Amino acid sequence: MERECMGKINSYCQRNKLQLDYVTVDMKGPSHDPEFKVVVKIDNVEYGSGSAKSKKEAKELAAKKTWEMIEQQKDEEIYLPLLSCIGMSRVDSVPFSS
């Protein structure tokens, strides 16, 4: 799944002419047992991050989180204008529990 997200992000960025970078921002622990933290940057804006025992796995986790953020953003782009058309805000549309 995570590997699939990397492909989706690459396609999304190419299609929209966006700069994609996977940046290793931290390495913790001893050299024989490190933990890496990778952040996905799209047009120099930080999106998802992932931490793991290998750079490859951290990159895949960061890609998964980033793709989830992109999907949510797409949903909001459709959802928010629809709410404004019917005179509601996002807060008005959230049901509260009784």
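**View 1. The largest nonpolar core of the predicted model.** This core holds 16 residues. Ile9, Cys13, Leu20, Ile42, Trp67 and Ile70 touch the most other members.

**View 2. Contacts of Trp67.** Trp67 is one of the core residues that touch the most other members. Leaving aside residues up to four places away in sequence, Trp67 touches Cys5, Lys8, Ile9, Tyr12 and Lys74.

**View 3. Arg3 on helix α1.** Arg3 lies in α1. Its relative accessibility is 52%, so Arg3 counts as exposed, the cut-off being over 50%. Lys64 is 61 residues away in sequence. In space, the C-alpha atoms of Arg3 and Lys64 are 8.0 Å apart.

**View 4. The three-stranded open sheet.** The strand order is β1-β2-β3, and the pairing is antiparallel. β1 (20-28) and β3 (45-52) form the edges, each pairing on one side only. On average, neighbouring strands are turned by 25 degrees against each other, direction ignored.

**View 5. The β1-β2 pair and helix α1.** Eight bridges join β1 and β2 in the antiparallel sense. Met27 stands opposite Phe36 of β2. Helix α1 packs on the sheet and touches both β1 and β2. The direction of α1 makes about 135 degrees with that of β1.

How values were computed:
Residues numbered from 1 in each chain as written. Predicted model: local features only at pLDDT ≥ 70, side-chain atom pairs only at ≥ 80, totals over all residues. Heavy atoms only, no water. Core = buried A, V, L, I, M, F, W, Y, C linked by side-chain atoms within 4.5 Å. Buried < 20%, exposed > 50% of the residue type's maximum accessible area, 1.4 Å probe, protein only. Contact = heavy atoms within 4.5 Å. Helix = DSSP H or I, 4+ residues; strand = E, 2+ residues; numbered from the N terminus. Pairing = 2+ DSSP bridges. Axes fitted to C-alpha atoms, helices over the stretch in contact; angles between N-to-C directions.
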